[in-house]
Amino acid sequence: MSPPAHPVRRHVLDGALAALAALAVMAATAWAALALLGADSVAPLSRLVPVLVCLAVGGGVTLESSGGELPLTLSGDAALTPLGLTFLGTAVLVTVFFRPLRRRARPTPAMLWARTGGALTTAAVALPVCAALARGTAGLPESVRERIGDGGGSGRFGGGRLTEGLDTVTYRTDVLLTSLLGLLGVAAVLAVGCLAARRTALPHPLALGGLRTKWHPVLSALTGTATVLCCAALAVGVLAGARDARAAGVLLLAGPNLLAVLLTSGTGTSWEAGVRRLRPDGGGLLGMMPGPTGEDRTVDLGRWAGAGLPLWLLGLLLILLLLTAAGYVAAARAPRRDPGALLDPHTDTALRMGIAVGVMTFVLPYLARGSLHIGVVLMGSELGGLDAGLTSAPRLSALTAFVAAALASYGGSRLRARFRPAPPPASRRRAARPVRSPEGV
């Protein structure tokens, strides 16, 4: 007898609700952060909120403007992933998608596919709409206008005439790229969620499959650790709102970005934050133009000292502590292994933890970095401009992370075995029971 169609439709609607809830929470948080930052003086918040949502799923922003009397053009781009919004969207998507399954009968594979299809279809419709709304006109801050050439000139081309009419820019996002990256992100989150989700009912082929059995303890421990860290960063942002509204807005948007910088610095990733002026690249008339003002600034974040210790050392100590705890939790959730397995349970946990953390360390620097480029163009040549951003060089950080994670999680697994030894196998328990004869002797 075929299953009724009603449960399948219900799972489709539940998947759609998960995607809509994730986008709604991201939009609400973006609105609150922008209000704390006072961004309404730059552009309407109703237009900036879709921009931040698109950035959170991997999109970019293109800036352009035309000058006043001179044939000048201002062009640029911004690429920054506010991981605070990305985290909240991921957490809501996973919670609404997986948590209701624990209160229902175990779903069939078709029902899980229907749930996934509902989420992906809704994202495929909502993300292009959001990207289409993420366009408008914004005013450039005074400090940015000064740096791209509003000072230090002489003659008829000097002074404020260079940037006359360049006090506003139009911005837009790439609809196709934003939609594609957003859909890939939703699919990746649901795929990892099928392996890491706890307290949920999944189809038997997936729940009892070798992939989930082997990777669930490690991935669930790592996702739980990441969730606690990101929630702590967001909580600090909320509490900071009572003292400094701008700091609260930054932490709501980029708190997880700062955590990523801290943790990956501990594994050897090089991070630099800086502002660089773009000088005219020609002579003659271009040489008469005023150059950008201000000084170039570059900060090596890994060597920045906090609490008397360099940032990379603080990150290393923190990551060792967190991965030891994650190894302890993963060992507690690991299923009983076959006595004839090639690796003992502690080594197996350490190896899988090292692989997972190595992959995360390779990906995180590309998600947490950001850049802003604005240039003033005349006759196809840049008169000046501004480059600002947070850049990273992963180097061998993935290998370092693998070693650190393997050692720390091995120690955590050993601690679990020391303080909470596993019960003996069922065969040994049966052998230890006294055997009584039928006569009771």
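Leucine 367 lies in helix α12 (residues 345–368), where helices (H or I, at least four residues) and strands (E, at least two) are DSSP runs numbered from the N terminus. The model is predicted, so local features need pLDDT of at least 70 and side-chain atom pairs count only at pLDDT 80 or more, while totals for chains, interfaces and linings use all residues. Residues are numbered from 1 along each chain as its sequence is written, and side-chain values use heavy atoms, with hydrogens and water left out.

**Leucine 367 and the surface**
- Leucine 367 is partly exposed, at a relative accessible area of 36%; buried means under 20%, exposed over 50%, and partly exposed in between (1.4 Å probe, protein chains only).
- Leu367 belongs to a nonpolar surface patch of about 830 Å², whose other members include Leu342, Ile355, Phe362 and Tyr366.

**Nonpolar cores**
- Phe98 and Tyr171 touch the most other members of the largest nonpolar core, which has 53 residues; such a core is a set of buried Ala, Val, Leu, Ile, Met, Phe, Trp, Tyr and Cys residues joined through side-chain atoms within 4.5 Å.
- Helix α2 (residues 45–56) gives the most to this core, with 9 residues.
- Apart from this core lies another, of 22 residues, among them Leu195, Ala221, Met353 and Ala408.

**Serine 413**
- Serine 413 is in helix α13 (residues 397–419) and is buried, with a relative accessible area of 2%.
- Its side chain makes a polar contact with the side chain of histidine 346 (2.6 Å); a polar contact is a pair of N or O atoms within 3.5 Å, and within protein one must be able to donate a hydrogen and the other to accept it, while residues adjacent in sequence count only if both atoms are side-chain atoms.
- Beyond residues up to four places away in sequence, serine 413 touches Gly327, Tyr328, Ala331 and His346, contact meaning heavy atoms within 4.5 Å.

**Arginine 199**
- Arginine 199 is found in the loop between α6 (175–196) and α7 (204–207), and counts as exposed at 54% relative accessibility.
- Although not a glycine, arginine 199 has a positive phi of about 55°.

**Whole protein**
- The secondary structure comes to 14 helices and 10 strands.
- Of the 441 residues, 41% are buried.

Methods
Patches are made of residues with over 30% relative accessible area and no salt bridge: like charges are joined within 9 Å, nonpolar side chains (Val, Leu, Ile, Met, Phe, Trp, Tyr) within 5 Å. Accessible areas come from the Shrake-Rupley method with a 1.4 Å probe; for residues, only the protein chains shown count as cover. A salt bridge is a side-chain nitrogen of Lys or Arg within 4 Å of a carboxyl oxygen of Asp or Glu.
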